[in-house]
Amino acid sequence: MSDSVHLTPLHRVSVTHAAGWHQVVASSMAHDLPGVPPPGPGEIHAQLTKPTMDSHRLTWMATGSSGAPVAVAGLRLFASPGRDHLAELELHVDPAHRRRGTGSRLLSAVVAACRTEKRRSLMAEVPGDSPGAAFCERWGFRRALTLDHLILRLAETDAARISALSDAGHPGYRLAGWTGTVPDDLADAFAKAKNAMNDMPVGDLDYGSVDWDADRVRTMAQVVDRRGDTLLTLAAVHFDGTMAGYTEILLPQGAPPRAQQYDTAVVPAHRGHGLGLWLKAAMVRRLRAEHPHVTEIETDNAEDNVHMLAVNLELGFRSYRRTHECQLDLPAA
Ligand SMILES: CC(C)(COP(=O)(O)OP(=O)(O)OC[C@H]1O[C@@H](n2cnc3c(N)ncnc32)[C@H](O)[C@@H]1OP(=O)(O)O)[C@@H](O)C(=O)NCCC(=O)NCCS
């Protein structure tokens, strides 16, 4: 059925390819995720052309008989020790060209590349009850983790309460904040705190683990910066110099109104003192003061991450949508 569709691996992504890619993703998301803003053309161009953290990307484009793009596939191949058996799939078919086998052809090319690259596991995030979920089921992916996505609309938050939470005393701790790269005097402590994320609930997902050090946290900030995005961090620093917890917000390039929550973590020894709520409330206040174009924050939680979910609900985040992390196990041929 998809004979007139031509598949090409993109070895170099041009501006035209990126524009075509954006078109496919935007129409696919408008169909399956109405109300979820797609990445802008500049964001897509940066995602496809700028270096990523400890990984590289392979890309394919499917074009129709007119030469116009009808589907795209991206494969992220992780390179760091502990994750170098993993790959992550992004696959979109334009709604007008679905159910003709194009998604399956792209998946075959992706799986072949996974085998060449000796990957044992291919991950994909799909919306709940969607064509993506049915497609993954058809091709033998298992559903490894369900994520609740939540939204906080800043105009609906109670500013007085956010201020009270941000100003609440937490004896023995101080707040430190930065934009972009962590200040040198906090870099080692920050890397140690980042390792606390390795115990976040991931259901049955084989997510690997990452070993953070000061160089790695600096590299991550540079990668975000080169993409044109902005990373804001707030940390709770214990009087002994340990970083007890931190929260990160990503502001995508082009100043869209929606910010993305990245990590929030509290180190096990410092849990149970309300530091998560303190950090997140202080971040809301900082966004309001410094980035007034931001009107909402999207976050996602593993559905069984009850503590993080409780913090988010307490701040005013509300359920928005669900996704599933699916995983295809690729035994060595
Ligand atoms: C998921 C997606 C990539 C499928 O693309 P596609 O070209 O329509 O896929 P195919 O035609 O190769 O479908 C193969 C099989 O998957 C299953 N499938 C695909 N879409 C389905 C749907 N809407 N409902 C039920 N089953 C579906 C069917 O078994 C289908 O075989 P059939 O048409 O012979 O019944 C496309 O719907 C899409 O872009 N969705 C949005 C993005 C997304 O969720 N990506 C998934 C990342 S893995």
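Leaving aside its neighbours within four places in sequence, which residues is Val5 in contact with? They are Ala62, Gly64, Val70 and Thr102. Here two residues are in contact if their C-beta atoms, placed from the backbone, lie within 7 Å.

## Basis of the model

This is a predicted model: local features need pLDDT of at least 70, side-chain atom pairs count only at pLDDT 80 or more, and totals for chains, interfaces and linings use all residues. Residues are numbered from 1 along each chain as its sequence is written.

Val5 sits in the segment before β1. Helices (H or I, at least four residues) and strands (E, at least two) are DSSP runs, numbered from the N terminus. Val5 counts as partly exposed because it has 19 C-beta neighbours inside 10 Å. The cut-offs: a residue is buried if 20 or more other C-beta atoms lie within 10 Å of its own, exposed if 12 or fewer, and partly exposed in between, with C-beta atoms placed from the backbone. From Val5 to Ala46 the gap is 41 residues in sequence and 26 Å in space, C-alpha to C-alpha.

## Two domains

Across the boundary, 14 residues of domain 1 are in contact with 15 residues of domain 2. On the domain 1 side, helix α2 (residues 41-49) gives the largest share, 4 residues. By class, that side has 5 nonpolar, 6 polar and 3 charged residues. Ala, Val, Leu, Ile, Met, Phe, Trp, Tyr, Cys and Pro count as nonpolar, Asp, Glu, Lys and Arg as charged, and the others, Gly among them, as polar.

## The sheet

An open sheet is formed by 12 strands, with mixed pairing. Their order is β1-β2-β3-β4-β5-β12-β6-β11-β10-β9-β8-β7. Two strands pair if DSSP finds at least two bridges between them. β1 (6-9) and β7 (173-179) stand at the edges, each with a single partner strand, so one side of each has no neighbour in the sheet. From one strand to the next, the twist averages 25°.

Strands β10 (residues 258-266) and β11 (residues 296-302) run parallel, joined by 3 bridges. Ala259 has Ile297 as its bridge partner in β11.

Helices pack here too. Helix α1 (residues 15-32) lies across β2 (55-63), β3 (69-78), β4 (86-93) and β5 (121-127), and runs at about 100° to β3. Helix α4 (residues 131-138) packs on the sheet and touches β5 and β12 (318-329). The direction of α4 makes about 150° with that of β5. Axes are lines fitted to C-alpha atoms, for helices over the stretch in contact, and angles run from 0 to 180 degrees between N-to-C directions.

Strand β9 (residues 243-251) is mostly covered, with 8 of its 9 residues buried. Strand β8 (residues 230-238) runs antiparallel to β9, with 8 bridges between them. Val237 stands opposite Met243 in β9. The β8-β9 hairpin has 4 residues between its strands, and Gly241 in the turn has a positive phi of about 95°.

β9 and β10 also run antiparallel, with 5 bridges. Gly245 stands opposite Val266 in β10. This hairpin has 6 residues between its strands, and Gly254 in the turn has a positive phi of about 90°.

Most residues other than glycine have a negative phi. Ala255, in the loop between β9 and β10, has a positive phi near 55°. Ala255 is exposed, with 11 other C-beta atoms within 10 Å. Arg99 has a positive phi near 60°. Arg99 lies in the loop between β4 and α3 (102-116) and is exposed, with 12 other C-beta atoms within 10 Å.

## Two cores

A nonpolar core is a set of buried Ala, Val, Leu, Ile, Met, Phe, Trp, Tyr and Cys residues joined through C-beta atoms within 7 Å. The largest has 42 residues; Phe190, Ala193, Ala235, Ala236, Met243, Tyr246 and Leu279 touch the most other members. Helix α8 (residues 275-290) supplies the largest share of this core, 8 residues. A second, separate core of 32 residues includes Trp21, Leu75, Ala124 and Phe135.

Ala124 is in strand β5 and is buried, with 22 other C-beta atoms within 10 Å. Leaving aside its neighbours within four places in sequence, Ala124 is in contact with Leu89, Cys136, Phe141 and Cys326.
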